[in-house]
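The following note sets out points for the reader to consider alongside the coordinates.

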Amino acid sequence: MTKRKFLKAVKRVKNLPRGVNLLKYGFNKIKNTLLTNQKSLTVAYPSSIMIELTNHCNIKCITCAREYAFGEKMDKGFMNFEKFKQIIDEVYPYVDSIGLTGLGETFLYKHFAEAVDYIREKSKGIIISCSINAHLKNSVEVAISVINKIDTIQISIDGIGDVYNTVRRKADFNFFIENVKQIAAASKNSSTDLMFNMVVLKENYHQMTDMLNLANELGIRFLNIIPMNIVSRTDLDISYYKFFQTEEFKKEYFKTKEMAKTIKNVELTFYDFESPASFKKCRFMWNYFYITWDGFVPPCCAKPFPKEKNFGSVFSDKLINVLNTSDFQNFRKDWLAERTPEFCDKCFNIYLESIHSESKNS
């Protein structure tokens, strides 16, 4: 467990529900443990959910699933705020964390601050996070409105300087970094953490150590680095993942991990590049569920396109019922047998082979 997750867990424990809701919370945890031990295909209420407030976005990134064929076919919109409240009303006695994030730019949602307030009114202990691109004219203003209410603001940054402008099309690094500086200044000494999230690919892998230095310079306490998932990129095949096996990438990867040990003010988390590829590396069908802006529950956040696959709508049924449909249980059956569903083809969990340093191979 990372230091950040430990501190969030401590906060959650200190602010558990009270009265009858504490009984609901405790019973659900026990039920979840029992179902897990029994390898049941049904689930209790999850500890974490992701809610996509919108899938509209103001920039176009080559890393983003919405920019390719699946995204071209998807319906776009903003979640009805009354429907949002209905979701929270159902889950708040049970969940530990809620991520307000999805395919779109979260800060485009005009009820964003109200959404944070609504969760916080229900429970002081639920860990709230969001993901933003920090590239709106009012990004700083919206961020300030939720500082000390939201636990983590994750800022997507897939490069520095010209590399950023190449990966994040219709974006300007200078404008972005000025927004980030102002958000960092406003959140200093607050209870809101800032995290950089870097999707690593051929165009930017050489900047991983630079990203550590930039985070340190700006006072961004956390940096998360994950590989690009091509599960939704219809223009690429799995041969792309061979790049992560190259000596050039491995050199930068291990260099970044070693460098992180010397920068005490930034906590680095990496995708697990060093464990074997496996469908079982994915936990989305068990405990971290995604709800689209229009209420559907697709299999995961990497390919959140209801027209391709969904297990039902929380706007027409309770979330707990959607999570336990026969279709969803079949996905879990595949997970236990380590059979990859067609929907998950090309996912990095399944096709990205483990990497090791030369010293580990010798």
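1. Two strands are taken to pair if DSSP finds at least two bridges between them; strands (E, at least two residues) and helices (H or I, at least four) are DSSP runs, numbered from the N terminus. The model is predicted: local features need pLDDT of at least 70, side-chain atom pairs count only at pLDDT 80 or more, and totals for chains, interfaces and linings use all residues. Residues are numbered from 1 along each chain as its sequence is written, and side-chain values use heavy atoms, with hydrogens and water left out.

2. Strand 4 (residues 127-132) and strand 5 (residues 152-156) run parallel and are joined by 4 bridges. Cysteine 130 lies opposite isoleucine 153 of strand 5.

3. An open sheet is formed by 8 strands in the order 9-8-7-5-4-3-1-10, with parallel pairing. Its edges are strand 9 (267-270) and strand 10 (288-291), each of which pairs on one side only. On average, neighbouring strands of this sheet are turned by 20° against each other, direction ignored.

4. Helix 6 (residues 139-146) packs with helix 8 (residues 173-187) at an angle of about 20°, the axes being 9 Å apart. Axes are lines fitted to C-alpha atoms, for helices over the stretch in contact, and angles run from 0 to 180 degrees between N-to-C directions. Helix 6 is therefore roughly parallel to helix 8 (an angle under 35 degrees).

5. Contact (heavy atoms within 4.5 Å) involves Ser139, Val140, Ala143 and Ile144 of helix 6, and Asn179, Gln182, Ile183 and Ala186 of helix 8.

Terms used: Angles under 35 degrees count as roughly parallel, over 145 as roughly antiparallel, 65 to 115 as roughly perpendicular and the rest as oblique.
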